[in-house]
Amino acid sequence: MTAPKTQRDKTSKKKKVALTVLTVIVLLGILVTAAYFIKQLIDSKYYFCKRSVKFIPLDKACDGIEDCAGGEDEITCVSSFKVNTTFPVRLTSDRWVLQVYSAGSGWRSVCSDDWSEHHTQKALQLGRYLGVETVNVWLTLWLFVAIHKCHAKCLMNAIWSFFYSKVCKSGSVISLICSDCGQVGTQDRIVGGTDAVIEDWPWQVSLQQNGQHTCGGSLVSPNWVVTAAHCFSGSKKELSRWRVVSGRTYMGTLGGSYVDRILLNADYNAARNDYDIAMIRLSSPITVGASRKPVCLPPKALGLAAGASLVVTGWGYLEEQGKISPSLQKASVPLIDSAKCSSPTIYGPVITNRMICAGFLEGKVDACQGDSGGPLVFLSSRWNLVGVVSWGVGCARERRPGVYSNVDELLNWIHTVMEVQI
């Protein structure tokens, strides 16, 4: 007869089973972690051709030469977008005056005759009905006046014929402002900056390639991000490698939005840093909330004076040759007069109309590496995107302030991209 098992034997067996299970779990964890990092390493150096089942060096993807079967390595790539037309609707000045354009008469302000609050409210209702959570003013008018998918030219004609007359009986013009952008709750590293929270700057996003923060960007609608063209130089042109992470104060890689299009301004000149602007279309719209909200595109000719207080935000280096900040930073910087910034003692003739300068001539506070593409904003009745972090010499050096893409000069391109690609 076999002796019955003692309690000690049973306990020992349970411990062995538990240890075995724990060992298996740990090994699986190690394998999954190793697989993840191996995949990240491979993705950072190679592009996988699904049809021909082979790897090619990443710099051969999107180089204009088809290295994969069916040219799949040249399909989902950064592209350029040229605009040779005038977007026919705009808001202008700090009064947000509505204007329309025709080739014969140029820009004309819309008379308030026959315009009522009902027109504005109806436009917003239509926008929400069609699933537009954040409606740019020009798109709002498009939805109202040209209900059946009429584009900008039709919109201009409709406004011109219905709301504009040679004799403006009321003597006043229409002033509109988008009601759902550029607003935050409370207000109060960038070199010399201070900690910030995303709820105060909810349009700020992180552009990440293969899980690494590369540039900043600004939400201007649930589908669109404005950033800098130079962020996509070299081997950074394959769309599947990019994610847009929004709604985070602390740098993270989870929960990023997939990218559907990346469009560079076709006039971008890398050697001169001119026309340094790009737009990203997300594969699906972000959900607008306290930590994710578009910034306003400014009216044309907002009229900022030298010394105007602006704010730049981002996760860039805290010092020159430093490291990415783990938490969002903000800094207030004054606008520098363009004549002063283009003087021989600062940057000279390299400053173009598509650039503005902001910062302190004595240095100390500035955007830096990793802030590129991020927002430079101005607060009027709400926050307006007036600049995009572009370039500079070093970070916070004396007489070397930050240079930003001038959104005012690039509004026509931005609006056209959003309409044509919507």
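Which side chains meet in a salt bridge at 2.5 Å, N to O? They are those of K82 and D267, a salt bridge being a side-chain nitrogen of Lys or Arg within 4 Å of a carboxyl oxygen of Asp or Glu. The model is predicted, so to speak of local features pLDDT of at least 70 is needed, and side-chain atom pairs count only at pLDDT 80 or more, whereas totals for chains, interfaces and linings use all residues. Residues are numbered from 1 along each chain as its sequence is written, and side-chain values use heavy atoms, with hydrogens and water left out.

K82 is partly exposed, with a relative accessible area of 44%, and D267 is partly exposed at 30%; here buried means under 20% relative accessible area, exposed over 50%, and partly exposed in between, with a 1.4 Å probe and protein chains only. A search of the whole structure finds five salt bridges, among them the one between D274 and R354, whose closest N and O atoms are 2.7 Å apart. This pair links distant parts of the chain, since D274 sits in the loop between strand 12 and strand 13 and R354 in the loop between helix 5 (338–341) and strand 16 (355–358), 80 residues apart. Both D274 and R354 are buried. Another salt bridge joins the side chains of D408 and K300 at 3.3 Å, N to O; because D408 lies in helix 6 and K300 in the loop between strand 13 and strand 14 (309–314), the pair ties together parts that are 108 residues apart in sequence.

The helices and strands named here are DSSP runs numbered from the N terminus, with helices (H or I) of at least four residues and strands (E) of at least two, and two strands pair if DSSP finds at least two bridges between them. Strand 12 (residues 257–265) pairs in the parallel sense with strand 3 (residues 79–81) over three bridges, and the bridge partner of F81 in strand 12 is N265. With strand 11 (residues 242–246), strand 12 pairs in the antiparallel sense over two bridges, R243 standing opposite Y258. Five bridges join strand 12 to strand 13 (residues 278–282), again antiparallel, and L263 has M279 as its bridge partner in strand 13.

A separate open sheet of three strands has the order 4-5-6, with antiparallel pairing. Strand 4 (89–92) and strand 6 (106–109) stand at the edges, each with a single partner strand, so one side of each is left without a neighbour in the sheet. Four bridges join strand 5 (residues 97–102) to strand 6, and Q99 stands opposite S109 in strand 6.
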